[in-house]
Amino acid sequence: MAQYGHEAPLPDPDSGSYRIPEDTDSTIAESPAHGFAVARRMRFLRGEPVTEPMPIADALRNSPYRHPATMSAPEKDAGTRKALDLAVRVGELLLRCGAGTRDVEASVVAVAAAAGLRRLEVDITNQSLLVQAPGPSGETVTMLRVVRSSTRDFARLTDVHVMVQELTRGGFTDIDEALGRLKRIQRSTRIYPRWLIAVGYSALAGSVCALLGGGSMAIVVAVLSAFVTDYLGRLIRKRNIPSFYIDAVGSAVSVMLAWLGYLLAAKGDLGLQMSTADFAYAVSGGLVVLLPGRAMASAVEDAITGYPVTGAGRLLTVFLSAAGIIVGVAGGLSLTLKLDSALNLQLTSPGALHFGSSSATLSLQFLYGAVGAAAGALTMRSRPRFILPTAVLGSLALGLSGLAHLVWAVGATTSIAVASVSVGVLARVIGLRLGAPALVLVLPAVSPMLPGLRIFEGMYDAIVGSVIGSAASNTQSAAAFPTLLGAAGVALAISTGVVLGDVLAAPLDRNALRRRRARIR
């Protein structure tokens with residue numbers, strides 16, 4: 001449980017204000033030179049200070065809400081309760097929209113400080129938010145909110161971010177006005193219709209398939225697979241079925257649709273062409289739509305920034321989602337490989353899927369990165385004015401990753417990490433100037449880099465040996481675990497790179513904050 005308060009800092013010997021011990025000789029105390037010498041020895045020998053509640057200024061040091069303008073402190077417990085209610089409602093809505101724990105805590109502390117509270121205790125998990133503060137009478141006021149579901153609604157998240165910024169700059173006259181603004185944000189309808197979100201998923205899957213080097217037939221199959229998977233997921237979710245089974249069904253459907261496309265192309269009746277590599281690329285595009293990229297980034301960020309319990313809870317959710325995808329891919333591959341053997345399509349011959357086929361050229365990687373990032377922003381319900389900056393960041397991410405790997409001969413995973421750090425820095429700088437948190441820009445931008453192909457490759461290697469039973473396929477099965485481990489490494493490189501970029505960019509937003517405050521004055 002994090003504690004915050006406006007506590008007086010411990011005395012700093014460098015300030016020239018020192019306390020001479022009572023047992024010090026008076027002649028020494030009267031000499032300034034000897035006094036400073038004694039003070040230096042005391043500083044050298046002094047033990048660590050007693051742990052105190054973290055000042056609010058330190059909690060907001062690297063956030064966009066540093067140095068908030070504060071209202072007068074509440075004079076009654078009812079005022080403290082109202083201020084806490086505003087802070088906890090802000091945190092609840094941010095958690096519901098998918099914000100990281102660090103951003104949620106900074107927002108809660110900033111709102112509480114702006115509302116006039118001087119002491120605060122905050123405890124956040126991935127599903128609950130507990131806030132405490134002492135009232136004027138000395139009685140502790142406690143607020144608790146539980147978040148049982150979350151959605152990808154970056155438009156609403158941006159609105160809350162803007163409201164917190166205005167509150168910390170003195171843009172509200174009282175708490176009731178801020179509560180009314182927050183309730184209007186909560187009740188506002190979602191920014192895009194559901195069919196447009198499905199189109200965004202399809203565009204993301206198609207761009208990833210094209211990025212990997214898939215042909216026109218594979219791209220069509222990937223687009224159709226994403227659309228069908230999204231529709232089935234909504235139908236299953238209405239029956240309150242856990243997301244593990246939704247991911248399993250979606251990934252199995254992706255495999256089956258790709259196999260049907262390959263079957264139609266193999267028949268040759270419609271003049272379609274689809275190679276065995278295209279089969280893999282079509283499935284990979286559909287899997288990227290299902291991968292928990294946002295949850296993975298949030299889990300790694302929480303673990304790195306000092307929230308291990310929340311990070312562990314989110315990471316378990318990521319593992320369950322990934323396990324559902326793996327189970328679905330395994331089930332779909334087992335069925336399709338058996339059908340393939342019965343129909344003699346030669347898809348199951350060892351080495352049939354050449355995963356090392358040439359991907360898109362460097363110039364096309366910039367294009368597909370922009371398309372995939374814009375589609376990802378659409379699926380996460382970013383506001384229209386953020387789609388173009390997100391597309392630019394996505395293009396830069398994939399282009400820089402390809403440039404580092406192909407031109408500078410950097411390893412594939414390292415190049416992805418370098419691109420993620422760069423995008424994390426730019427997302428924070430650009431987002432602040434556009435009035436949005438970095439999360440709104442960075443998560444859609446890195447979506448096309450998620451390792452859908454490696455997951456499918458690992459599952460193919462694991463399943464093909466048990467289905468075919470040949471020595472060559474058994475060799476493929478032995479390579480399944482390293483391939484899946486490499487996929488986890490890519491996801492970790494993206495998440496850690498994004499967090500590092502955000503941390504590195506924190507000092508760069510001070511000038512922008514000063515200019516905004518000057519305009520308000």
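Close-up 1. Val 371 is found in helix H14, which covers residues 362–379; helices here are DSSP runs of H or I with at least four residues, strands are DSSP runs of E with at least two, and both are numbered from the N terminus. This is a predicted model, in which local features need pLDDT of at least 70 and side-chain atom pairs count only at pLDDT 80 or more, whereas totals for chains, interfaces and linings use all residues. Residues are numbered from 1 along each chain as its sequence is written, and side-chain values use heavy atoms, with hydrogens and water left out. Val 371 counts as partly exposed because its relative accessibility is 38%, given that buried means under 20% relative accessible area, exposed means over 50%, and partly exposed lies in between (1.4 Å probe, protein chains only). Although Val 371 and Ser 395 are 24 residues apart in sequence, their C-alpha atoms are 8.0 Å apart in space.

**Close-up 2. Gly 394 in helix H15.** Gly 394 has its place in helix H15, residues 384–406, and it is buried, with a relative accessible area of 0%. Leaving aside residues up to four places away in sequence, Gly 394 touches Gly 369, Ala 370, Ala 373 and Ala 445, where contact means heavy atoms within 4.5 Å. From Gly 394 to Tyr 368 the C-alpha to C-alpha distance is 8.6 Å, while the two residues are 26 apart in sequence.

Close-up 3. Ser 254 lies in helix H10, residues 243–267, and counts as buried because its relative accessibility is 1%. Apart from residues up to four places away in sequence, Ser 254 touches Ser 225, Thr 229, Val 283 and Gly 286. H10 and H11 pack at an angle of about 155 degrees with their axes 9 Å apart; axes are lines fitted to C-alpha atoms, for helices over the stretch in contact, and angles run from 0 to 180 degrees between N-to-C directions. The two helices, H10 and H11, are therefore roughly antiparallel to each other, since angles over 145 degrees count as roughly antiparallel, under 35 as roughly parallel, 65 to 115 as roughly perpendicular and the rest as oblique. Among the residues that meet are Ser 254, Val 255 and Trp 259 in H10, and Val 283, Gly 286 and Leu 287 in H11.

**Close-up 4. Helix H11 against helix H13.** Helix H11 (residues 276–290) and helix H13 (residues 308–343) pack at an angle of about 150 degrees, with 11 Å between their axes. That angle makes H11 roughly antiparallel to H13. The contact is made by Phe 279, Leu 287 and Leu 290 of H11, together with Ser 321, Ile 325, Val 329 and Leu 333 of H13.

Close-up 5. Strand S2 (residues 119–124) and strand S3 (residues 128–134) run antiparallel and are joined by four bridges; two strands pair if DSSP finds at least two bridges between them. A hairpin of three residues joins S2 to S3, and Ile 124 stands opposite Leu 129 in S3. S3 also pairs in the antiparallel sense with strand S4 (residues 140–146), over seven bridges, and in S4 the bridge partner of Leu 129 is Arg 145. In the hairpin of S3 and S4, which has five residues between the strands, Gly 138 takes a positive phi near 95 degrees.
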